[in-house]
Amino acid sequence: MSSEKVTDAAVTDTPEEGYERGLGSRQVQMIAIGGAIGVGLFLSAGANIAKAGPSLIVMYALAGVIVFFIMRALGELLLYRPVSGSFAEYSREFLGPFFGYFTGWTYWLMWVVTGMAELTAAAIYVQFWFPAVPRWVTALVFLVILFGVNLISVKVFGELEFWFSMVKVTALIGMIVIGLGVLTFGFSSAGDTAAVSNLWAFDGFFPKGVGSSLMTLQGVMFAYLAVELVGVTAGESENPEKTLPKAINTLPWRIALFYVGALTVILCVVKWTEFTAGASPFVVAFAKIGIPAGAGIVNFVVLTAALSSCNSGMYSTGRMLRNLADSGEAPAVFRKLSASKAPAFGITVSVLFMGIGVILNYVVPEKAFGYVTSVATAAGIWTWLMILISHVRYRRAVVAGRLPASSFPAPGGSAFSWVAIVFLLFVTGLIAYDADSRVCLYVMAGWAAALGVGWAVLKSRNPQVTGRREPEFEKVG
C-alpha cells in the first residue's frame, strides 16, 4: 500500500486507541538506557568471566555491534509505523498472521521468564544483607510491589523506571571513575595489584581458548535483552518521531561505556581468576578495593537493576497481550484498559505466571536463575530474528515502491540485518551445542507445539482472524 492510503479514519481508529501518551522524552531515553543495563551485566557477567576471562570484553563488544544492527532495523520499522507491540505487528504485516501471533506470544514468554530471572537475582542480592531470609519470600514481596506500580498508570511506570535507570547509570559511571582512579593513583587495597596487564598476565587474553569465549555469547546476548523495549513504548511515547531515533542512536556509546568500558576497568583492577558464578563482579571488585560500605552500595545498585528489569517486564507483557487481543489472537478480555489506561488484566495474568519464579526459588533455588535465563535468551533470539526478517521484507517493499520510506532508514539498507541474522543463528547453534543450555530449545519446541495447536483452534473457530489484514497507521508527532 502507498502512503496516500493512510486516511484520517485509519489514523484515529487504531489498535492503540485508549493508551495514554504518558512517556516523555526524558523517560523514553532512560528506559532505553536502563534496557541496556540489567542483571545480565550485574550478575551473569561473573559466571562468564570465569568461563572466558578478559576475552569476555570482546564478546560484549561483538554482541553489542549486532544489537545495534537489530535496533537500527527496528528503528526504521518504528518510524514507518510506530505501534505498541511493534514486533508482533511487523511480523504480522511482513511475514503473515501466524508469525505475528507466534512472535507476540513468544515475546510475552520472554518477559515472563525474564521477570522470573530478575526476581531470582533480586532475592540473591537481598541475601547479601539478610542471608537468613528465604529467596522465595523476597521474590514474592518484590513481585507484589512492582505489580501495584504497574497498575497505577504508565506515567508512574515511566517515572519509576527513570529513577531506576538513573541509579544504575550514576553508579556505573562512579564505578568506572573509581576504577580508573585505582589504576592511575594506586589508592585502596587493590592499588598494588591493579594494572592494565591483568588483561593478559594470567594465561593470556583468551585463557580458556577462543571456543570457550564463544560459548559465553549465549549469556552475553541475555545481557542485552530489553534493549528493544523502546519499541514497546512507541504507542505511549509523546513524540516517537523524535524520541525513538535519539534513543536508538545513543545505543553504541551506552554499550561502549556501560558494558565494554565497565568490564575493562573491573578486569584491570581485579584479576579475572577472582570472579565466580553467582556473585556480581561489581560487588566483588568493590569489596577488593576496600571502600567502606562500597560493596553494600553496589549491591543496592544491582538490586535496583533487577527490579528495574522486572518492572519493564510487567509493563511490556500487558501491552503485548493487548496487542494479541486486538488481533483476535488472545482472549478479548485482554483488550480492556483500567481507569488509569493500563492493560490491568494482562498485567495481572503475566504477574501470576511470573509467580512461577517464586516457586522455582522455593524448589530449586540454586538452579532457578540458569533455567529461566536460557529460556529467555531463546525467546529473545526469536524476537530479534523476526525484527530483522521483517526489516528485510520491508526494505524490499520500499525498493519496489509498494510502501513509503521510513524517516529513519538503517545504514546499509538490509545488509547489516543479514549479518545479524547469521550471527543469531550461530548463537542458536552454540546453545544447541551446550548441554546445560540446550534444555531451553526443548522448552521452545514444546512452546511452539502449544502455539501451533492454539493457532489451529483459532483458525477453525474464527478463520477471518488468521487472514492477512491491511496495516493500521497511527498519527504521530
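This is a predicted model: local features need pLDDT of at least 70, side-chain atom pairs count only at pLDDT 80 or more; totals for chains, interfaces and linings use all residues.
Select Arg322 to begin: this residue lies in helix α16. Helices here (H or I, at least four residues) and strands (E, at least two) are DSSP runs, numbered from the N terminus. Arg322 is buried, with a relative accessible area of 4%. Buried means under 20% relative accessible area, exposed over 50%, and partly exposed in between (1.4 Å probe, protein chains only).

Residues are numbered from 1 along each chain as its sequence is written, and side-chain values use heavy atoms, with hydrogens and water left out.

**The whole chain**

Zoom out and colour by secondary structure. The chain has 20 helices and zero strands. Of its 477 residues, 59% are buried. The accessible surface of the chain comes to about 17,700 Å², and carbon and sulfur atoms hold 68% of that; such areas come from the Shrake-Rupley method with a 1.4 Å probe, and for residues only the protein chains shown count as cover. Take the contacts (heavy atoms within 4.5 Å) in the chain with a separation of 6 or more: residues 24 or more positions apart account for 82% of them.

Axes are lines fitted to C-alpha atoms, for helices over the stretch in contact, and angles run from 0 to 180 degrees between N-to-C directions. Angles under 35 degrees count as roughly parallel, over 145 as roughly antiparallel, 65 to 115 as roughly perpendicular and the rest as oblique.

Which residues make the contact? On α15, select Phe282, Val283, Phe286 and Ala287; on α16, select Gly294, Ala295, Val298 and Asn299. These divide into six nonpolar, two polar and no charged. Ala, Val, Leu, Ile, Met, Phe, Trp, Tyr, Cys and Pro count as nonpolar, Asp, Glu, Lys and Arg as charged, and the others, Gly among them, as polar.

Keep Asn299 selected. Is Asn299 buried or exposed? At 3% relative accessibility, Asn299 counts as buried. Leaving aside neighbours within four places in sequence, Asn299 is in contact with Tyr125, Phe128, Trp129 and Val283.

**Helices α7 and α20**

Next select α7 (residues 97-126) and α20 (residues 439-461), which pack at an angle of about 135° with their axes 11 Å apart. That makes α7 oblique to α20. To see the contact, show Pro97, Phe98, Tyr101, Phe102, Trp105, Thr106, Trp108 and Leu109 in α7. Facing them in the contact are Met444, Trp447, Ala448, Leu451, Gly454 and Trp455 in α20. The residues of this contact divide into twelve nonpolar, two polar and no charged.

Stay on α20 and pick Lys459. Lys459 is partly exposed, with a relative accessible area of 48%. Glu329 is 130 residues from Lys459 in sequence, and the two are 9.8 Å apart in space, C-alpha to C-alpha.

**Last stop**

Finish at Asp203, in the loop between α9 (154-185) and α10 (210-215). Asp203 has a positive phi of about 70° although it is not a glycine. Asp203 is exposed, with a relative accessible area of 63%.
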